[in-house]
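Below are some notes for a colleague who is about to work with this model. They go point by point, starting with backbone details and moving on to the larger arrangement.

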Amino acid sequence: MAVSFEELQQEAQSRWQALNAGDRPWVRIGSAMCGQAAGADEVFEALTESLGRNNIPASVSRVGCLGLCFAEPLVDVQFPGGPRVFYANVTPETARQIAERHLAGGSPDLDLAWGYLGDGAGLSNGDASSMLDLSRHPMRAMETRIALRNAGNIDPRDIHQYVATGGYRALHQALTQMTPEETLAQVAGSGLRGRGGAAFSTGTKWRFLAGSNAPVKYILCNCEEGDPGAYNDKGILESDPHTLIEGMILAGYATGATYGYVFIRHGHDGPIEKTRAAVRQAQEMGLLGRGILGSDFDFDIEVALTGDSYVAGEESGLMESIEGHRAMPRYRPPFPAQVGLFGKPSNINNVKTLAYVPEIVANGAEWFSGIGHEQSKGTAILCLSGALNYTGMIEVPLGVNLKDVLYQAAGGVPGGKDLKLVQTGGPLGGVLKAESVDIILDFEVLREAGAILGSGGIIAADEDTCVVDLTRALIAFCQYESCGKCFPCRMGMSHLLEVLERICRMEGVPEDLELMRRVGQDMQSGSLCGHGQLGFNPVASALRHFSDEFQAHIIDRTCPTGRCLEPRYSPRQTRR
Amino acid sequence: MDGLKQRISKAVRGQTQPTQTILSSLLAVEDELGYIPKEAVDEVADFTGSTINDVWAVASFYPNFRFEPPCLHRMEVCWGASCHLTGAREVIQAVLGAAGLQEEGDTSDGKVSVRLNTCLGACAQAPVISVDHHLAGRMTPADARTRVVQLLDESGPAGETNP
């Protein structure tokens, strides 16, 4: 069924025209994990049932995440030629009202509608004044969307919608007009750095692989994403899986690899199902497989699943897991670019990193390196959760101030409370106290401050939070997830947890802080992977910013909030 | 028992993805049965040309695998950092209380398996639970309790009705 790219584009355009300028409205329902958790499935059922029962013509798509997760379930109604009208926090009942009023009548239900995107003057009843212009919503106003450019706008299950909005253009351009080296040069010149946490230069990493003459080489995409507080990798796969697939094919072309794996945690059904469907469609269209788009370049992709394991997201643990083993890290050297998956040279990239690649190739290195700050080029894709008014997923240029992200984009702390701290970069990251959030988002600046950008999770905690209790919760996660291979991590995490438990019971002794530091040093120097090497970070940064609070627990035996005295739950079973 | 062996064999040998490993085979069994019976360990060892020790090593590493038949329903409660800060503890307490459990595990009537999950992936809707793989966010202790009671009250094949 392979067709030429021109034919594919024509078909995609005509379908897109029919959807946008046809005879019926287009309804998009936010149905990524955040939407689902808010009740999007029930909303979809109620809406489609009402449309069917009342014979109301409409095209309904279940799209991914627009980023405004706090407003989910979101229903987005667009009549041909008009703006998109959004309904927030929709229930099955209001979904039926939307069908029976707006979709049947053609005019937005002004009592229910939340906002619009596009030209408000295009509304049939001419009255956009009671609705919010969502492009000015604080959460969207700060954004520059590259990797998330299609998220929430197109149906992730439909390759034609991706192609109609410019998809696979970069791949076609690279295969027809650029050599692999020229493609690699664009990525290297853009200054793109890995978004999985280490922020290593993507171009340099790709050159390691391109330099190998081995006949079989792999591109591995890491969507293990076990960090509590981060769901942007899954968000991209659920919203726009083809941008990742196109990025992976381009990575393969640039490095001479011919096979790729997308690695996702078993149980994350939405991302798995959408990625598998997208791979199948790309194969059917001749965008994956032998002789892609008539070139002599072959590349194929497989979705591989892991069981529950945070360390499976570490690059060598990931390879062990794809090979079907316990996800335990390997000794390095040799590095993956020399001896990787199944002993073959491999490159491991995060979903977000690869999702930038199509736009970098299409628009050029200079365009991308013009966005961002100093050595941190491009955007940060952040997941905002915890004590914030507007929780969700946003893409902002690197170099913006974290304070603006928290107080403007995310609308500050609910309930009139004060912010106490933010936890960034996942459980191995660190905390910043409220007084220190006036800091720009930049890989180096954040690292200097003891809080890494990591994979983009930002969790806010209000004044009612006990720092010792939060640190204990983070270490409980790290202890549970230690794979057990290196004893400094396996035993160190348990020791740290024991000491923190003791401090929470008000039975800590002054020597405990020094004891934890010593354990942390041993973990750092004696562990094979980042889990043990960085595992002391949550304690170190909490001690750095909140040593008073630890002292209050140990010396005065009081907790300003009392949270740490409440019972704590953690899984019964650990790894054996 | 033959029925069980057949289902295991179908799951293991019916995998369609090109890369088939011990882990992928175990996940296929979990999808089919909801647990890893001893017979599956033998079958996976045979299929992958490994020893049963190799298979146990993998199965015991990933805590998503369980080795006894699951309850009728599966409830997962997130204890990740975002959920922890937004009231997960109270939700966990409510779920365990309603289920009559002290810690994660199965209800005695075989109706609900309660499990803590490190991150269910919908952090913006914290605290989050999942019931039979369906996510529900902005969870309150009262709502969580109601959901457990509903599952326990359902008359099902798994034994006695309301305790």
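**Notes on the predicted model**

1. Glu225(A) sits in the loop between β7 (218-223) and α10 (232-239) of chain A. Is Glu225(A) buried or exposed? Glu225(A) counts as buried because 27 C-beta neighbours lie inside 10 Å, and the cut-off for that class is 20 or more. As background for both residues, most residues other than glycine have a negative phi, and most peptide bonds are trans.

2. Two cis peptide bonds deserve a look in the backbone of chain A. One of them joins Glu72(A) and Pro73(A), with omega about -5°, and Pro73(A) is found in the loop between β2 (59-63) and β3 (75-78) of chain A. The other runs from Arg332(A) to Pro333(A), with omega near 0°, and Pro333(A) lies in the loop between α13 (315-322) and β10 (346-350) of chain A.

3. On the overall form of chain A, the model has 22 helices and 17 strands. The radius of gyration is 24 Å, close to the 25 Å that the globule rule gives for 576 residues, so chain A is as compact as a globular protein of that length. Along the principal axes, the C-alpha atoms of chain A fill a box of roughly 75 × 60 × 45 Å. Of the 576 residues, 58% count as buried, and among the contacts in chain A with a separation of 6 or more, 72% are accounted for by residues 24 or more positions apart.

4. One sheet of chain A is open and has six strands, in the order β2-β1-β3-β4-β5-β6, with mixed pairing. Its edge strands are β2 and β6 (132-133) of chain A, each of which pairs on one side only. Strand β1 (residues 26-30) of chain A runs parallel to β2(A) and is joined to that strand by five bridges, with Gly30(A) standing opposite Val63(A) in β2(A). Helix α3 (residues 40-53) of chain A packs on this sheet and touches β1, β2 and β3 of chain A, and the direction of the helix makes about 155° with that of β1(A).

5. Another open sheet, this one of four strands, has the order β9-β8-β7-β10 in chain A, and its pairing is parallel. Here the edge strands are β9 and β10 of chain A, each pairing on one side only, and neighbouring strands are turned by 25° against each other on average, direction ignored. The parallel pairing of β8(A) and β9(A) extends over seven bridges, and the bridge partner of Val262(A) is Val303(A) in β9(A). Helix α11 (residues 241-255) of chain A packs on the sheet, touching β7, β8, β9 and β10 of chain A, and the direction of α11 makes about 150° with that of β7(A).

6. Just after the helix, Gly324(A) takes a positive phi of about 95°.

7. Which elements of chain B give two or more residues to the side that touches chain A? In the interface, 42 residues of chain B are in contact with 52 residues of chain A. The elements in question are α2 (22-33), α4 (52-61), α5 (81-85), α6 (88-99) and β5 (134-136) of chain B. By residue class, this side of chain B divides into 23 nonpolar, 16 polar and three charged residues.

Definitions and conventions:
Residues are numbered from 1 along each chain as its sequence is written. Chains are lettered from A and ligands numbered from 1 in the order in which they are written. This is a predicted model: local features need pLDDT of at least 70, side-chain atom pairs count only at pLDDT 80 or more; totals for chains, interfaces and linings use all residues. A residue is buried if 20 or more other C-beta atoms lie within 10 Å of its own, exposed if 12 or fewer, and partly exposed in between; C-beta atoms are placed from the backbone. Two residues are in contact if their C-beta atoms, placed from the backbone, lie within 7 Å. Ala, Val, Leu, Ile, Met, Phe, Trp, Tyr, Cys and Pro count as nonpolar, Asp, Glu, Lys and Arg as charged, and the others, Gly among them, as polar. Two strands pair if DSSP finds at least two bridges between them. Axes are lines fitted to C-alpha atoms, for helices over the stretch in contact, and angles run from 0 to 180 degrees between N-to-C directions. The radius of gyration is taken over C-alpha atoms; the globule rule is 2.2 Å times the number of residues to the power 0.38.
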